[in-house]
Amino acid sequence: MGTEWSISTSGRLADKGIVTMPRRSLYACHHPGCPESIREGRFCPAHEKKHQAEIDQRRGSAASRGYDARWRRLRKMYLAANPICVDPFNDHPGQVVLATDVDHKVSKSKGGTSRWDNLESLCHTCHSKKTAKEDGRWG
Ligand SMILES: [Zn+2]
Ligand SMILES: [Zn+2]
């Protein structure tokens, strides 16, 4: 029906200084009330760090990754020192079964610590049994 599409391809925008940003010197840190002046980024160094820490905290990454690494090391050391399953359910009396897992006697969710006196070596069977008893929560 004779509809006309007028496509304007004005190349002028490119010439209007979009490429060359005006050189701004100093501007205020984006943190509310912060008196610091910065030249780039969103925050002054101190607030940049704080901001990043808050992001990490929200993800829980830094803390939990740190915990995992510590726990893996501790677990390995404990297993090396206590290689035999303590057989907490008397499942394999008189048998020496090599432990594959380290468990918290008092689980961390109940306030147990990761100190050696709260740990015990378990074979896979005993650990599964214990985990099942504690309704599926990993100690
Ligand atoms: Zn700041
Ligand atoms: Zn066992």
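Does Ser-128 count as buried or exposed, going by its C-beta neighbours inside 10 Å? Ser-128 counts as exposed, with 12 such neighbours. The cut-offs behind that word: a residue is buried if 20 or more other C-beta atoms lie within 10 Å of its own, exposed if 12 or fewer, and partly exposed in between, with C-beta atoms placed from the backbone. Ser-128 is found in helix H4, residues 124–133.

A word on the model. This is a predicted model, in which local features need pLDDT of at least 70 and side-chain atom pairs count only at pLDDT 80 or more, while totals for chains, interfaces and linings use all residues. Residues are numbered from 1 along each chain as its sequence is written, and chains are lettered from A and ligands numbered from 1 in the order in which they are written.

**Confidence**

The pLDDT is the predictor's confidence in each residue, from 0 to 100. Its mean over the protein chain is 81, and 73% of the residues reach 70 or more. Confidence is highest in S4, at a mean of 96, and lowest in helix H1 (residues 12–15), at 51. A contact here takes two residues whose C-beta atoms, placed from the backbone, lie within 7 Å. Where pLDDT is low, the predicted coordinates should not be read in detail.

**Overall layout**

The protein chain has 4 helices and 4 strands, and along the sequence they follow the pattern α-β-β-α-α-β-β-α. These are DSSP runs numbered from the N terminus: helices are H or I with at least four residues, strands are E with at least two. Of the 139 residues, 10% count as buried. Take the contacts between residues at least 6 apart in sequence: 42% of them join residues at least 24 apart.

Helix H2 (residues 45–59) has 15 residues and reaches 21 Å from its first C-alpha to its last, close to the 21 Å expected at 1.5 Å a residue. That expected span is 1.5 Å times one less than the number of residues. The number of buried residues in H2 is 0, so the helix lies largely in the open. Ala-46 is found in H2 and is exposed, with 12 other C-beta atoms within 10 Å.

Cys-44 counts as partly exposed, with 18 C-beta neighbours inside 10 Å. Leaving aside neighbours within four places in sequence, Cys-44 is in contact with Cys-29, Cys-34, Glu-36 and Ile-38.

**Strands S3 and S4**

S3 and S4 pair in the antiparallel sense over 4 bridges; pairing calls for at least two DSSP bridges between the strands. His-104 stands opposite Leu-119 in S4. From S4 (residues 119–122), Leu-119 and Ser-121 point one way and Glu-120 and Leu-122 the other, and all are buried. In a regular strand the side chains alternate between the two faces of the sheet.

The largest nonpolar core is made up of 5 residues: Cys-85, Ala-99, Leu-122, Cys-123 and Cys-126. Such a core is a set of buried Ala, Val, Leu, Ile, Met, Phe, Trp, Tyr and Cys residues joined through C-beta atoms within 7 Å. Not counting residues up to four places away in sequence, Cys-126 touches Cys-85, Asp-87, Pro-88, Phe-89 and Asp-91.

Asp-87 is found in the loop between helix H3 (61–81) and strand S3 (101–104), and Asn-90 lies in that loop too. Phi of Asp-87 is near 50°, a positive value in a residue other than glycine; phi of Asn-90 is near 55°, also positive. Most residues other than glycine have a negative phi. As for burial, Asp-87 is buried, with 20 other C-beta atoms within 10 Å, whereas Asn-90 counts as exposed, with 8.

Asn-82 lies in the loop between H3 and S3 as well. Asn-82 is partly exposed, with 15 other C-beta atoms within 10 Å, and is in contact with Ala-99 and Ser-121, leaving aside neighbours within four places in sequence.

**Some C-alpha distances**

| Pair | Apart in sequence | C-alpha to C-alpha |
|---|---|---|
| Cys-44 and Ala-28 | 16 residues | 8.3 Å |
| Ala-46 and Cys-29 | 17 residues | 10.0 Å |
| Ser-128 and Asp-101 | 27 residues | 9.6 Å |
| Asn-82 and Leu-119 | 37 residues | 9.9 Å |
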